[in-house]
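Good morning, and thank you for coming. I would like to take a few minutes to present one structure.

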Amino acid sequence: MKSLVKKMEAAPDVQLFILSRDRLELCRETVASALAQTYTNCHVVVSDNSEREDVAEMLAKEFPSVEVIRRYPPLPALEHFNKLIDEATAPLMVLFHDDDILEPQYVSRMAVLLGQHPEIAAVACNARLIRGKQLTEQPFMGSFKGMRMLLQPTELLEPYLSLGLVSPA
């Protein structure tokens with residue numbers, strides 16, 4: 001993957017935003033996976049939208065290099081998401097939640113893909129599901145592998161609906 005990054009004129013800066021809300025243990029794991037990225041121009045930012053102070057306190061103590069933006073009172077979910085998009089300053093940004101664990105080469109792969117396809121505005125990825133506390137090999141988007149161009153937003157929503165975790169509005 002490193003050789004592909006070198007083919008780009010310069011490895012662009014990436015802001016990796018983690019949206020957090022009162023899930024201290026999950027946030028800890030997510031931040032650790034974000035800091036383990038192989039991509040070197042990656043700046044990790046936690047947007048702490050919690051009711052309590054424990055997440056911000058844990059981040060200050062255990063991850064002092066991570067930028068933390070404290071949101072209080074908490075913002076509604078969509079407003080929180082949009083606020084981060086507005087606040088992004090790097091050429092590339094990643095939005096993850098505090099229950100996501102990133103594979104070490106996620107940002108590298110994303111940056112390469114966007115560098116090769118400047119017409120792309122967004123990239124999504126498959127994920128492996130966690131059942132209880134066990135990371136499974138079961139992919140979130142079923143057996144899909146490789147790249148696929150999504151033409152309609154509903155194509156990205158379909159895997160969520162198939163799990164029965166959310167229902168359409």
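**Strand β1 and its partners**

Strands β1 and β2 pair in the parallel sense, over seven bridges. Please bear in mind that this is a predicted model. Within this pairing, Gln15 stands opposite His43 in β2. Between the two strands the chain passes through helix α2, residues 24-35, and this β-α-β crossover is right-handed.

Strand β1 also pairs with strand β4, residues 92-97, again in the parallel sense, here over six bridges. In that pairing, Leu16 faces Val94 of β4.

How many of the seven residues of β1 are buried? The strand spans residues 14-20, and seven of its seven residues are buried. In a regular strand, side chains alternate between the two faces of the sheet. In β1 both faces are covered.

Let me now turn to one residue of the neighbouring strand. Ser47 lies in β2, which covers residues 42-48. Is Ser47 buried or exposed? Ser47 has a relative accessible area of 0%, and it therefore counts as buried, the cut-off being under 20%.

What does the side chain of Ser47 make a polar contact with? The partner is the side chain of His80, at 2.6 Å. Beyond its neighbours within four places in sequence, Ser47 is in contact with Ile18, Leu19 and Ser20, and also with Ile69, Arg71, His80 and Leu84.

Thank you for your attention.

Note on methods: Residues numbered from 1 in each chain as written. Predicted model: local features only at pLDDT ≥ 70, side-chain atom pairs only at ≥ 80, totals over all residues. Heavy atoms only, no water. Helix = DSSP H or I, 4+ residues; strand = E, 2+ residues; numbered from the N terminus. Buried < 20%, exposed > 50% of the residue type's maximum accessible area, 1.4 Å probe, protein only. Polar contact = N/O pair within 3.5 Å; in protein donor to acceptor, adjacent residues only side chain to side chain. Contact = heavy atoms within 4.5 Å. Pairing = 2+ DSSP bridges. Right-handed = clockwise from strand over helix to strand, strands pointing away.
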